[in-house]
Amino acid sequence: MPPKAQKRARDSSGDQNDVELAKKRSAEGSLVVVSTRGSTETVKESGALIPGTQRTSELSSPNIILSGHEGEIFTCKFSPDGNSIASGSFDKRIFLWRVFGNNENYSVLMGHSNAVLELHWSTDSSMIFSCSPDKTVQVWDAESLTRIKRIKHDAMVNTCCPTRKGQILVASGGDDNKTKIWDMRQWRRCAAVLEGSYPITSVAFSEGGDQVFVCDVAGTVEVWELRKNEVLYRMYGHMDAITGSSLSPDGAHLLTNSMDNTLRCWDVRPFVQGGDSQRCVKTFTGHTHGVDKNLLKCSWSADGSMVSSGSSDSPAHSYIWEFHTRKLLYRLPGHKATCNEVVFHPTSPIVLSCSSDSTMWLGELASS
């Protein structure tokens, strides 16, 4: 467990401000200090290297706490280029951070009038898509740091997801049982409406962008064919609401997280031996969902060798499994409240987790 956070007050002008400091010893015998303003300084301390410890990334320290949000952090993502982090919170704001260097909190995007429940980067790292119970999906220019689109729903929006390649489409799902498809070239008009039977909690596109995986509170995954605007098949297995979904890097498998305390992997290739009833190929267990009923997300590593989930166990942990063997590789401590999402860096052995304790942990994994 990390040392308890300490508080001190000091800035260059001598004014006294309460600034939360998180201290942890790195492999180089240093202390990393992260303030609520998002700036990070490394203070050298006497001491030798820890025997047997080897650094695996270019982070300033093996573990770093990012703080600054004034409410629960529900979602966090690395940009595909690996240089930035976006985080969304109950405080209605999106924070942008540098991954390396001093982990600067370089911008705050404001526009939502309710909590930010989910966000994603575009594949080229130029845009950010976010959704909120304020009944909107909003699109942000990650370079000019301005909002460029505000798309309205008829009900609370729980989830959103863009296509990976080709024509940029965005899917969004809400409490009105509807999944809406938006074409960013003609975003003022909804391109398609997919009618479900229950509130939608998670959506994801197929690799080609021609199918949408729609997850609901009943624990069902519906696979929609956009060309025909109809359900191709349904996947059953979860016994409670699905809270998050993620497509594998190769597009062959869909990962889903559920309040039944399981993470399931589904084979979503066109033809599966045994038919649609045999699509669930793996189940991961260990993490738990709590009474807060947060929409815990799930993620893949860039090479597809690991999967992750947050958890509501006490104290909260970040869970990482090896995909092929289902072995639990890491059960990472640190958060003081529900860990809502755990994501992998696109190129380095680094993970990021966000929590209802209003902090994020950025840390490196051991070399394999």
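Mentor: Start with the rule: a salt bridge is a side-chain nitrogen of Lys or Arg within 4 Å of a carboxyl oxygen of Asp or Glu. Side chains of opposite charge can pair when their charged atoms come close. By this rule, the count is 13 salt bridges.

A word on the source. The model is predicted, so local features need pLDDT of at least 70 and side-chain atom pairs count only at pLDDT 80 or more, while totals for chains, interfaces and linings use all residues. Residues are numbered from 1 along each chain as its sequence is written, and side-chain values use heavy atoms, with hydrogens and water left out.

Take Arg 55 first. Arg 55 bridges to Glu 364, with the closest N and O atoms 2.9 Å apart. The two belong to distant parts of the chain, 309 residues apart: Arg 55 is in the loop between strand 4 (40-44) and strand 5 (63-67), and Glu 364 is in strand 32 (residues 359-364). Strands here are DSSP runs (E, at least two residues), and helices are runs of H or I (at least four), numbered from the N terminus. How exposed are the partners? Relative accessible area tells you: under 20% is buried, over 50% is exposed, and partly exposed lies in between (1.4 Å probe, protein chains only). Arg 55, at 22%, is partly exposed. Glu 364, at 16%, is buried.

Next, Glu 207. Its salt bridge goes to Arg 164, and the closest N and O atoms are 2.7 Å apart. This pair also links distant parts of the chain, 43 residues apart: Glu 207 sits in the loop between strand 18 and strand 19, Arg 164 in the loop between strand 14 and strand 15 (169-174). Both ends are partly exposed: Glu 207 at 24%, Arg 164 at 30%.

Arg 164 takes you to the largest pocket. Lys 77, His 120, Arg 164, Ser 246 and Leu 247 lie nearest the centre of that pocket, which is lined by 34 residues. Several strands give two or more residues to its lining, including strand 6 (73-78), strand 14 (157-162), strand 18 (200-205) and strand 30 (339-344). The search runs on a 1 Å grid over the protein atoms alone; a pocket is an open set of points with protein on both sides within 12 Å along at least five of seven lines, a cavity is a set where a 1.4 Å probe fits but cannot get out, and lining residues have an atom within 4 Å of a point. The largest pocket has a volume of about 910 Å³, where volume is the space filled by probe spheres set on grid points joined across faces, edges and corners. Its lining divides into 16 nonpolar, 13 polar and five charged residues. Nonpolar covers Ala, Val, Leu, Ile, Met, Phe, Trp, Tyr, Cys and Pro; charged covers Asp, Glu, Lys and Arg; the others, Gly among them, are polar.

Now Glu 222. Its side chain meets that of Arg 234 in a salt bridge (2.9 Å, N to O). Glu 222 is in strand 20 and Arg 234 in strand 21 (residues 230-235), so the pair ties together parts twelve residues apart in sequence. Glu 222 is buried at 9%. Arg 234 is partly exposed at 38%. Elsewhere, shared partners join Glu 70, Asp 91 and Arg 93 into one salt-bridge network.

The whole structure holds one cavity of 30 Å³ or more. The largest cavity has a volume of about 70 Å³. Its lining includes Glu 222, Asp 216, Trp 224, Thr 179 and Glu 195. Strand 17 (190-195), strand 19 (211-216) and strand 20 (221-225) each give two or more residues to this lining. By class, the lining has five nonpolar, four polar and three charged residues.

Finish on strand 17, where Val 193 lies. Val 193 is partly exposed at 33%. Neighbours within four places aside, Val 193 is in contact (heavy atoms within 4.5 Å) with Lys 178, Thr 179, Lys 180 and Asn 229. Val 193 and Lys 178 are 15 residues apart along the chain, and their C-alpha atoms are separated by 6.6 Å.
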